[in-house]
Amino acid sequence: MQQQALSTLVAWMRLDSAIAAFHLELKQRHGITGLQLAVLHTLAERPHMALAALRKGLDMHAATLGQSIDELRRLDLCIVRTDPRDRRARLVAITQKGLDLVGAVPLAGPNRLRQLETDPARLDRLTEALADALDLFALSEKKA
């Protein structure tokens, strides 16, 4: 059991290091975070999207998403407008500058999964393994 635990720890550390390096390079080269890149990738797939739908689709806290969107707006990577059909709702859209940035960033990390053609069973196994990791590492969300 100890050998399997050690092998798992090493694999996790490699993944964690690779993701941290990717995020650091993303911030240094492009001035955005991994979360902001995920938002831009999602927006690049649609002409505009309701902010509430974006939050639900990315499973993000409203304040966290709001801060990311505010920074993307400041960088002219997206725009936010009032929905003409529902004045309470806001629509988010990627700008050309945002599309250019998405095209310039290497397709790596979790965003790559949306473009990758692979066996769906492999993705199911990855999803299960990541859920197991959260549980085994005692990092899973506790439901109230």
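**Close-up 1. The buried side of helix α5 in this predicted model.** Helix α5 runs over residues 96–104, and here we're looking at G98, L101 and V102, which are buried. Going around the helix axis, these residues span an arc of only 100°, so they end up on the same side of α5. What sits over them? The cover includes α1 (2–30), α2 and β3 (86–94).

**Close-up 2. The other face of α5.**

**Close-up 3. Helix α2 meets helix α4.** Two packed helices are described by the angle between their axes and the distance between the axes. For α2 and α4 (residues 62–74), the angle is about 80° and the axes lie 10 Å apart. Angles of 65 to 115 degrees count as roughly perpendicular, so that's the label for α2 and α4. On the α2 side, the contact is made by L35, Q36, V39 and L40. From α4 come T64, L65, S68, I69, E71 and L72. Sort the residues of this contact by class and you get 6 nonpolar, 3 polar and 1 charged.

**Close-up 4. Zooming in on Q36.** Q36 belongs to helix α2, which covers residues 34–44. Is Q36 buried or exposed? Its relative accessible area is 5%, and buried means under 20%, so Q36 counts as buried. Leaving aside residues up to four places away in sequence, Q36 touches G31, S68, E71 and L72. Among these, S68, E71 and L72 are part of α4's side of the contact with α2.

Notes: Residues numbered from 1 in each chain as written. Predicted model: local features only at pLDDT ≥ 70, side-chain atom pairs only at ≥ 80, totals over all residues. Heavy atoms only, no water. Helix = DSSP H or I, 4+ residues; strand = E, 2+ residues; numbered from the N terminus. Buried < 20%, exposed > 50% of the residue type's maximum accessible area, 1.4 Å probe, protein only. Contact = heavy atoms within 4.5 Å. Axes fitted to C-alpha atoms, helices over the stretch in contact; angles between N-to-C directions. Parallel < 35°, antiparallel > 145°, perpendicular 65-115°, else oblique. Nonpolar A, V, L, I, M, F, W, Y, C, P; charged D, E, K, R; others polar. Arc of directions from axis to C-beta.
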